Amino acid sequence: MELGRGLNRMAELRIVEAAQSGWQGELTIPGDKSISHRSVMFAGLGDTPVHIKNFLHAEDCLSTVGVMRALGTAIEFLNENELIVTGKGLHGLSEPMTVLDAGNSGTTLRLMMGLLAPQPFLSVFSGDASLTRRPMGRVLLPLSQMGARIYGRSGNNNLPLTIVPTGEKLHGIHYESPVASAQVKSAILLAGLYGDGPTTVTEPYVSRDHTEQMLAGFGVRLERSGTSVTVFPVEDGGYRAPEEITVPGDISSAAYFLVAGSIIAGSRLLLKNVGINPTRTGILDVLTEMGAHISVQNERTSGGERVADLAVEAAELRGTSFGAEIMPRLIDEIPILAVAALFAEGDTVITGAGELRVKETDRLHAVATEFQKLAPGSIEEREDGLLIHGKAKPQRAQVKSYGDHRMAMSLAVLGAAAEGVLIEDPDSVNISYPTFFSEMERMS
Ligand code: S3P
């Protein structure tokens, strides 16, 4: 059955035609994926109903909904983007009857590992082929140092994973993470809620801080110092769910339209309700540095996060260089920034991007291989990055998404800005942006 499904998906092809004129119009960006996951998980640890608005109704976040339901959380959808989550308290999760399926979602799996490691019951995780290849040792190792018992395939690094109850409280630790990863940090902080003392995570650079921001809104005590964050164990009655969470629009989804609006001549787009948390806005910094015309309008706070409307119009871009320091703030935007670089004047050098090799697919290899089919000679794959020669004149070609949503959307923008493109396995956009192609057609 798995094989059949794979073949069907591979047989599908999306044809994106070259844009005949600039993309114009207004577009409301769907809810943030990271915050949607967390809203369901954190609400599920409370003991009062939480009304979640502007939830991202996409495959990844639905994996989190499925897992939380399997753990006994009541989740009722009022419509696709609004739901009521009612938990049974911080100690109210129940042993799942079945294997927990994280699907394609690294966020679901890694954060839930942190949440389930301290629980007094057994849980077993599976996921799709992509997630099964991705490294989980980076989470399993610190959780084991806290006293958790987790077992997995290939030397405790891969799915399937089993979390075994220990009968004891986890220990608070100070973990120096070798990677700047919000998923690793969040897993440790969530386990730390149940620890016997404070837990600190130090990262090489600060990764997205939604877990910290949101947990603080639930009454959890956290302290930040430089690139370290400390969580204090929750005392009785100390975890208080808010009545409502409004999820801001996802800047990682807005990114495709920021780049399309910049590189397709004559474009002018207004992207509404975009989250501009500073740990996520590296894309704005790099595009501005490249000469993009983006203005941040109507800045406001919504649900504890900064949001704004982003206006973009076509501009002559120039190549740039960026590396490890900014990487956590634009980690998901490398494929679409590589598209921008292809149309810019001069070279773009991306370094410090080794983490991309362990995303939904090896994105450095995938970007280099597929861009090469469209614009031969325009891109070089480096060990930890990419070198992109600008002012390429991409030709029409058939390319692969590798089942990776961010590859599919980046290739679509590339094709629209050039001579068109035929994308294999385009449905992967359903992971984070199910309405991507229809919105793209509406703008063009
Ligand atoms: C995410 C963190 C990032 C990002 C992913 C979502 C999160 O992963 O790539 O799409 O919600 O915490 P890493 O933290 O592992 O880099």
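Is helix α2 (residues 33-43) enclosed by the rest of the structure or exposed, and how many of its residues are buried? Of its 11 residues, 11 are buried, so helix α2 is largely enclosed by the rest of the structure.

## Model and conventions

This is a predicted model: local features need pLDDT of at least 70, side-chain atom pairs count only at pLDDT 80 or more, and totals for chains, interfaces and linings use all residues. Residues are numbered from 1 along each chain as its sequence is written, and side-chain values use heavy atoms, with hydrogens and water left out.

## Annotated domain

The UniProt record, an unreviewed entry, annotates residues 23-439 as "domain: Enolpyruvate transferase". Such annotations may be inferred rather than shown by experiment. Over residues 23-439 the chain is 31% helix and 25% strand. The end C-alpha atoms of that span are 11 Å apart. Helices (H or I, at least four residues) and strands (E, at least two) are DSSP runs, numbered from the N terminus.

## Helix α2

The buried residues of α2 include K33, S34, R38 and F42. Buried means under 20% relative accessible area, with a 1.4 Å probe and protein chains only. D32 caps the N-terminal end of α2. A side-chain oxygen of D32 lies 2.9 Å from the backbone nitrogen of S34.

## Ligand site

Residues around the ligand (a heavy atom within 4 Å) are K33, S34, R38, T107, S181, A182, Q183, R208, I331, D332 and K359. For D332 the distance is 2.6 Å. For K359 it is 2.7 Å. Taken alone, the ligand exposes 380 Å², and the protein buries 95% of that. Accessible areas come from the Shrake-Rupley method with a 1.4 Å probe.

## Aromatic pairs and charges over rings

The whole structure holds 9 aromatic pairs. In Y433 and F436 the ring centres are 5.6 Å apart and the planes stand at 65°, so the pair is edge-to-face. Rings of Phe, Tyr and Trp (its six-membered ring) pair if their centres lie within 6.5 Å; planes over 60 degrees apart count as edge-to-face, under 30 as stacked and the rest as tilted. Y433 and F436 are both buried.

R221 is over F232, 3.7 Å from the ring centre. K400 is over Y402, at 5.5 Å. The criterion is NZ of Lys or CZ of Arg within 6 Å of the ring centre and within 35 degrees of the ring normal.

Conventions. Buried < 20%, exposed > 50% of the residue type's maximum accessible area, 1.4 Å probe, protein only. Polar contact = N/O pair within 3.5 Å; in protein donor to acceptor, adjacent residues only side chain to side chain.
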